[in-house]
Structures are given as C-alpha cells and as structure tokens.
Amino acid sequence: MRSIPKLIRRFLAILLLSVILLFLLNIIVLFSISMRQTPGASAWTTAAETGAALTKTADGNDYILAEDTASELIREEVWGILIDNDTHQVVWHTDNLPPEIPRHYSLADIASLTRGYVMNYPAFTGQHTDGLIVLGYPQDRYWKHMYPNWDYYFIANLPKIILNVLIVNAALIFMIYLIASTNLMRSVRPIAEGIQALPTKEPVYVREKGVLSELAAAINQTSEILKSQNYQLRKRESARANWIAGVSHDIRTPLSMVLGYAAQLTDNPQLDEDARQKTRVIIRQSERIRNLINDLNLASKLEYDMQPIRRTRENAVAIARQIVVDFMNMDIDGKYPIEWKTKPQLTACYVNADKDLLKRAVSNLIQNCINHNPDGCTIYISVQENPENSQSAAKEQQSEQPGVTTCTIQRPDCTGTSPCCIIRVEDDGAGISEEELQRLNNTPHYMMCDSSTLEQRHGLGLLLVRQIAASHDGRISLHPSIYGGFGADILLPV
Amino acid sequence: MTLEYLKNKRILLVDDEPGLRGMVASILKEEGFSHIHTAGSVQEALSAASTFDPELAILDVMLPDGDGFSLMEQLKRNEDYPVLFLTARGEDEDKFRGFGLGADDYMVKPFLPKELVFRVTAILRRTYKDENPLVSLKHCRIDFERAEVLKSRRIEHGKQNETDESDSPDRQKSLEECISLTAKEHAILLALYRNAGRIVTIDALCEAAWGDNPYGYENSLMAHIRRIREKIEENPSKPVSLITIKGLGYKLIVT
C-alpha cells in the first residue's frame, strides 16, 4: 500500500511543475506577441512620426507631409490634422479628412479627444513645433480607454502582490487535487489491497462500490477462480496420494502371505537346497516389493506435502546405530555384513530431524546397497561431523562440478563449510560408473517428470532419501566409495 | 527351554483374510505355540474371547464388522491381556493411535515370520515374566524377580563335587553361588533379555538404565557391562553370553 501515496505525490509534483511551466510559457508568449505588436503598430508612435514628418513649405504659409508617412496614412485609412497652438484652428489636414470633423477646437475639446474620440474616430495625438497633430483612425480600428490611474502603493508592492496571488493559487490547486486524490485513493485502496492479497492465496473480497466497482468485481472473480483452482489441485493431489495409499494397503495382505510362506519354506528341511535357494529369492523380491510400497507411499506424501514432519533434536549416531542393528538382526543368511565405521569418540551428533523419516532415509540407503548387489556385499556405515572433514567435503564438491572453484560461503543447506552431520553409507559391491552417477544426479525422476520420455529415472529408494534430506534442509551426495562400490552421504545441518 | 512356558499361552488371532489367518497360525504352530484360536470378525472375536480366555490377542485393524481399535477396547474391558496389531495400515497416525490405546506392539504387513515370532515372544516374555523368573544362560541363571544371578561353583571344586552334584539336585543348589545385581545392572540385563538373541544398541541400553536423553553414559555402560560379565560369564574376558558388537551394542544369548 505504500505505492499509492507515492503515486499521488508523483502526480502532484507533475501537476505543480506543469502549472509553473505553463505560467512561464504564457508569460514568454505574451511578451513576444506584445514585442512584435509594439514597434510601428502603435497609433501613438504614428502620430509622433507624423508630427516629425510634417514640415513647413518654403513660403511659410503651408505644410507638406513627407511622402512615405503620407502613403502610410492613406494605406491605414487614417486622417490627420494639425491644430495651431495659438488660434486652435486646423491649419493642415490630410486630403481624406471626413467632412464632419470640426475645424476649430477648444481646450476642452482637445483634452477630450486626447482621452478618446473625435466624432467616434479614435484619435491619437502627436507633437509638432506649431501645434498638435491629431490622427483619426477608422471607427472600428481601436478601442480607446484612457481613464485608469494607478495607486503608487499598488505599483510599488506589485511583485509581492503577484507572489501572494501565485502562492494562493498554488495552494488552491494543491487542495483541490488533494481532495480529489483522497477520494480516488479511498476507492483505489481496497482494490490495491485486493490485488496485493491475491498472490498470498488467501481468499480476497473487495466491496463492489464506487467508480471502480468493475475492477473490484474482477478481483473478486479472480480470487474465486484461484480458490477453486487451488481446491481442485489440492483435491487431485490428495486423491492421487490416497489412491497410492489404498493400492499399497491392498497389496500388503497378499504380499504377507507370499513372504510368510516363502520364509517358512526356506526353513523346511524336506526341501532340497536348490528349492530353498529359490524361496530365498522369493523372500528377497517380496521384500523389495514391500520396500517399494512403503517408499511409494511416503514419496507421494512428501511430494504433495501431506506428510507431517515432526522435527526434534535427535542424535544422528543413535539413529544410524539403531538402523544398522535392525538390519543386522534381520539379515537372514549373512550375505550383507555391516561394518560400523563411526569414530568411537563421536558418540553424539545432534540434528534437528524427524526421527522416523531419518531412519527411513538411512535404511533406504542400506537397502539400496542390498538391492544392487544380489550376490552380497559388505556395507560400511559411518557418521561424521563436517568441520572435521571439511577438506574431503570440498573435494567432493569439486568432483561434482568440474572446473568450478568451490566457494566457502557459510550456507545453512550444508553446501558450504557450515557445520553439518554426514551419514555415509558405502559398499564394496558392483559400484557405479561416472556416467551412471551423472545420470543419477541429473535425470528427472518419473514422479517429478510431466512428460513421458525414456529419459526418466526409476527406483524410489534414492528419490525418497533425496526428498527426506531436502525436507530437513539438507542434501544427499552420491559418489564412488573408497571401498570399491557405491557411496551415498546424507548431509544435514547440525 | 526357558521359553517353553510361553508356548502354552492361549493366542487369539483375528483377521478377516482366511488365508492370512491360516498362515499366521501355521507360523506360530511351527514355532511351538499350541493354543491358537482364530476369528474373522469382531463378533467372532468377542464370542471366542469369552470362551477361549486368551492371554495374547493378535488383531487386524480393518475387520468386516468393525475396527480392531474398538475391538481391543472391548476385549480389554473384560480382562487385561497384551494386544499385538498386525495390519496393512502402515500410516503413522494408525500406529500412534494403536499405541495410544494401549497396544503392546504394532506390526505392518507384510512381515517376515521371524519378526512375528520374535515380537510375540517378546510381548509374552514381558507380560508373563513373573511365571518363570529364571532365565538360563550358558554359565548361570538369572532371577529377574529377585535381581540375582545363580552361578554354579564348578570351577572352584574338584571332581568329587561334580559327581555329587549329579547325584543329588538338592546339593547342587547349595553349591550354586547367589550374586545380586545392582539396579542398573538389572535394568541393562532386562533390556538385553527382552531382545534376547538380537543386538541392542548402546543408546537403547543407556536409555534403559538412565532414562530419556541418555547421552554421555557410554563409558559408564561399558563399566557396567564389565561388572555384569564378571557375574554371569565363566571367563569375563572371553564372554559367551553377553556379546559385544563393536561400536553398535550388545547381544544376550539365552540358552
């Protein structure tokens, strides 16, 4: 809402500026027009010139007017007379003198004609050595007004008076504009507020009243549309997540029977070793399906923000230890021994995490090792604190982005050297090539991909780990392991 | 076997899927549990409970005529016995609800038979521990009720004594040394015994002995484990009953 007063201030400034500019412009134009009009055009000047141009003839009885002045008078249809100083008689006149013009003038007549007219002809006077030159212009040529007189006090204070008038005018303009814009603002404000509230996804209602009611109605409509779209989207997302939850629920019971009976057969001494080996495959694959169902369910919930994340202060070492022990307790045939590589002095590494989700992420990484090494492998797990290991972390970053120098800006998302907790799961199994690693890092996953290309990534395990890390402001890093296989790190801010 | 008395416990199994009922029953029977009664609905379960008088109930949450949570409340109204939920509903809310209502454990399908047997045994052991307080280890027996270790003094005595032992059980008893356990040792051993045969993490053991947020007790735990070994092992530096899993935890082997 700060933008509206700003807008008004700006308009006001433009208005004042334009008034001042207009005023100056008018003065300049007026000045130039009057400048152009004054020279030669003034009747008073013509009268004075005529007086100068009228000379006595050689014999001293008559007067003669210079040729150019005479022709100008004729062109202008002006008549002229010369009134003698002593006799008050007309001693010279132009040829076009109208007959009704008197030939004798009293002093009162002269005073009157100086101020005004001779028989309705506007008269202008000029000096001559022998008397008074009077020029009579055509009746429709000039309007004469010779009465005004000016108070000396008024003239002396004119600049101040002009300034005062200007100030009062400006104040008046300002007030008028202020009232007008306040009214406008009153009707614009709810609309502006409505528009500003639209992106917050809150429902918006603007009262449809006043000059801008159409705009208000449009905003209300937009809000309605947004609301219903949001609702539809939400509905579709939750329908999808619920659908996934339902399907996975329905698969669980039949899968229990597959898994249960297969596990019973594994221990059946009546079966030969070959058959029992096959039941072990059934168990493993059933377990894979089980993990897939669990992952799918959680991944869809995380993707659609339907999974509540309850973060508390947790010891990452204890969590990792619990998961490792769970796997060791469950490992049926000892094909996947796990080695605990955490330094004994690191007994606690606190992170702000949802315990169940973090457990899930770690066990997914272990499960990932198991899934990709069907012939068995040793799994190495360690928890580290980052400052101690910042050099290797920096090296990792460089290997991720070749040619880019790593900058060590403190960032809370575990990308710089800010303190963070690393849970590392590695194996000595089949490993991963550089290209595969690149693809794993860059190809979009099918759950996030909106076009159906063959370039999508499959497998939910790592996606889920990535999602969980992201929901804890952390990240994951995939790399070849020093033990020869594949390695994955979960980095969480401490 | 020490656990033999648990195998006679009456187990009520409620699931609407007959195939699954049959499988769970066969898993438990194979493991030696002999008294198993199955039901497919809330009604069947209630009538079975009144005649069969179960000592453990394994319930599904979704039943054709009701849900397992309310069934548990109805069952427990008459008599209190442990309940294990075995369900396809894996949501956290369901889990919390189950535990909140007083379930003893909550298992999500699908499951491995081993897992089910372990959990059933663990619940029974926990609930009916008073009925057989003596737990046999390789070199001793533990009486959790009295917090005592009963250890035979075979090593200190000659051949003569050994023949005497086999001759008269009364005299054997008198030759047994009775070592009492401290409270912490008892708590640690109990936590290990409840998960007998499985690794228990250092953190879980510390929590059992020192309560919530038990960090920084790792060294004390090691000291306690050493003292427990002196009491239960024949040769404490070469333990056979209380095994160290380096960096992770400990495991108690029950014979």
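**Note on chains A and B of a predicted model**

1. In chain A, 64% of the contacts with a separation of 6 or more are between residues 24 or more positions apart. The model is predicted, and every value below is computed from it.

2. Chain A contains 13 helices and 14 strands. Of its 494 residues, 39% are buried. Its accessible surface is about 29,300 Å², and carbon and sulfur atoms account for 58% of that surface.

3. Chain A carries a nonpolar surface patch of about 1,000 Å². Its members include Ile20(A), Phe23(A), Trp150(A), Phe154(A), Ile155(A) and Leu166(A). Three elements of chain A each give two or more residues to the patch: helix 1 (3-41), helix 5 (152-156) and helix 6 (158-197). Helix 6 of chain A contributes the most, namely five residues.

4. Ile155(A), one of the patch residues, lies in helix 5 of chain A. Its relative accessible area is 40%, so Ile155(A) counts as partly exposed: the value falls between the 20% limit for buried and the 50% limit for exposed.

5. In chain B, Asn78(B) belongs to helix 4, which covers residues 68-78. Asn78(B) is classed as exposed because its relative accessible area is 72%, and exposed means over 50%.

6. Asn78(B) can also be placed relative to Ser50(B). The two are 28 residues apart in sequence, while their C-alpha atoms are 8.8 Å apart in space.

Terms used. Residues are numbered from 1 along each chain as its sequence is written. Chains are lettered from A and ligands numbered from 1 in the order in which they are written. This is a predicted model: local features need pLDDT of at least 70, side-chain atom pairs count only at pLDDT 80 or more; totals for chains, interfaces and linings use all residues. Side-chain values use heavy atoms; hydrogens and water are left out. Patches are made of residues with over 30% relative accessible area and no salt bridge: like charges are joined within 9 Å, nonpolar side chains (Val, Leu, Ile, Met, Phe, Trp, Tyr) within 5 Å. Accessible areas come from the Shrake-Rupley method with a 1.4 Å probe; for residues, only the protein chains shown count as cover. A salt bridge is a side-chain nitrogen of Lys or Arg within 4 Å of a carboxyl oxygen of Asp or Glu. Helices (H or I, at least four residues) and strands (E, at least two) are DSSP runs, numbered from the N terminus. Buried means under 20% relative accessible area, exposed over 50%, partly exposed in between (1.4 Å probe, protein chains only). Contact means heavy atoms within 4.5 Å.
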